Amino acid sequence: MRPSNRELNQMRDIVIETDVTRHAEGSCLIKIGDTHVLCTASLEERVPPFLRNSGLGWVTAEYGMLPRATHTRMRREAKNGQSGRTQEIQRLIGRSLRAGVDRVALGERQISIDCDVIQADGGTRCAAITGGWVALKLAVQKLMKAGDIISDPLVDPVAAVSCGIYAGQAVLDLDYPEDSEAGVDGNFVILGSGKLVEVQMSAEGSTFSRDQMGQLIDLAEAGVSQLVAAQLAAVG
């Protein structure tokens with residue numbers, strides 16, 4: 001039995017609210033159960049120096065957790081410098097989102113995705129990727145409406161979900177009680193077309209078999225299909 005009483009293949013409730021901030025070109029608040037992440041997309045008519053005069057656009061990301069997003073207060077990273085975990089997660093978000101972007105169609109401009117965790121209950125990086133795509137899509141829609149780009153550079157939705165082995169069984173969408181005790185923990189980034197972008201897997205407390213890996217991939221594909229449906233409904 002899972003602590004949440006969910007079925008092994010059951011996602012937490014998915015809620016995506018769009019246009020939640022006034023100034024960002026795209027924004028959403030994504031809620032995956034009790035994990036809540038604010039995602040904003042900011043457009044800049046420039047690219048990093050290494051891409052100047054290349055004709056290619058760029059999508060990058062920053063990630064952070066508010067001090068009381070967890071059970072105990074954390075000190076602000078802006079005051080103490082980013083942890084290795086934060087740097088790793090924001091690089092993951094950026095490269096995951098770029099996997100679904102035609103950077104030629106985007107043109108020489110940069111879209112920065114900011115993901116701020118308001119409340120954490122497991123799967124924050126997965127929620128940030130999923131919500132980050134929604135914010136990115138809304139910003140791109142504004143570019144297209146203004147006529148600044150001709151074709152949609154977002155060739156495929158990008159979403160992510162966690163899966164793991166908890167109490168000896170493969171489960172979908174781990175919350176914190178499961179994540180903290182899982183024998184195996186994994187994050188799966190998958191395109192709407194079903195292609196894998198990135199898989200992060202580790203044996204936290206026990207090793208796992210190839211068959212179990214297959215079970216986790218099957219669960220992840222089912223979970224991402226639900227997330228992509230929620231993404232598409234959110235962006236209209």
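**Ground rules.** I worked from a predicted model in which local features need pLDDT of at least 70 and side-chain atom pairs count only at pLDDT 80 or more, while totals for chains, interfaces and linings use all residues. Residues are numbered from 1 along each chain as its sequence is written, and side-chain values use heavy atoms, with hydrogens and water left out.

**Entry 1, two helices.** I looked up how helix α2 (residues 84–98) sits against helix α4 (residues 124–145), and found that they pack at an angle of about 40° with their axes 10 Å apart. Axes here are lines fitted to C-alpha atoms, for helices over the stretch in contact, and angles run from 0 to 180 degrees between N-to-C directions. Helices (H or I, at least four residues) and strands (E, at least two) are DSSP runs, numbered from the N terminus. I therefore noted α2 and α4 as oblique to each other, the term left for angles that are not under 35 degrees (roughly parallel), over 145 (roughly antiparallel) or 65 to 115 (roughly perpendicular). On the α2 side the contact (heavy atoms within 4.5 Å) is made by Arg-85, Glu-88, Ile-89, Leu-92, Ile-93, Ser-96 and Leu-97, and on the α4 side by Thr-124, Arg-125, Ala-128, Ile-129, Gly-132, Trp-133 and Leu-136.

For burial I used relative accessible area, with buried meaning under 20%, exposed over 50% and partly exposed in between (1.4 Å probe, protein chains only).

Glu-88 and Arg-125, which both belong to the α2–α4 contact, form a salt bridge whose closest N and O atoms are 3.1 Å apart. This pair links distant parts of the chain, 37 residues apart. Glu-88 is partly exposed, because its relative accessible area is 24%, whereas Arg-125, at 15%, is buried.

I also looked up Asp-173 and Arg-6, whose closest N and O atoms are 3.7 Å apart. Asp-173 lies in the loop between β7 (169–172) and α5 (176–179), and Arg-6 in the segment before β1 (14–18), 167 residues apart. Both Asp-173 and Arg-6 are buried.

Arg-46 and Glu-44 form a further salt bridge, with closest N and O atoms 2.8 Å apart. Arg-46 counts as partly exposed at 45% relative accessibility, and Glu-44 counts as partly exposed at 24%.

I placed Leu-227 in helix α6 (residues 210–235), where its relative accessibility of 2% is why it counts as buried. Leaving out residues up to four places away in sequence, I listed its contacts as Met-11, Ile-14, Ile-32, Thr-130, Ala-159, Ala-160 and Val-161. Leu-227 and Val-158 are 69 residues apart in sequence, but 9.2 Å apart in space, C-alpha to C-alpha.

Most residues other than glycine have a negative phi, and I noted two residues with a positive value. Asn-53 has a phi of about 65° and sits in the loop between β3 (35–44) and β4 (58–65), where it counts as exposed at 75% relative accessibility. Ala-167 has a phi of about 50° and lies in the loop between β6 (158–166) and β7; with a relative accessible area of 65%, Ala-167 is exposed.

Key: A salt bridge is a side-chain nitrogen of Lys or Arg within 4 Å of a carboxyl oxygen of Asp or Glu.
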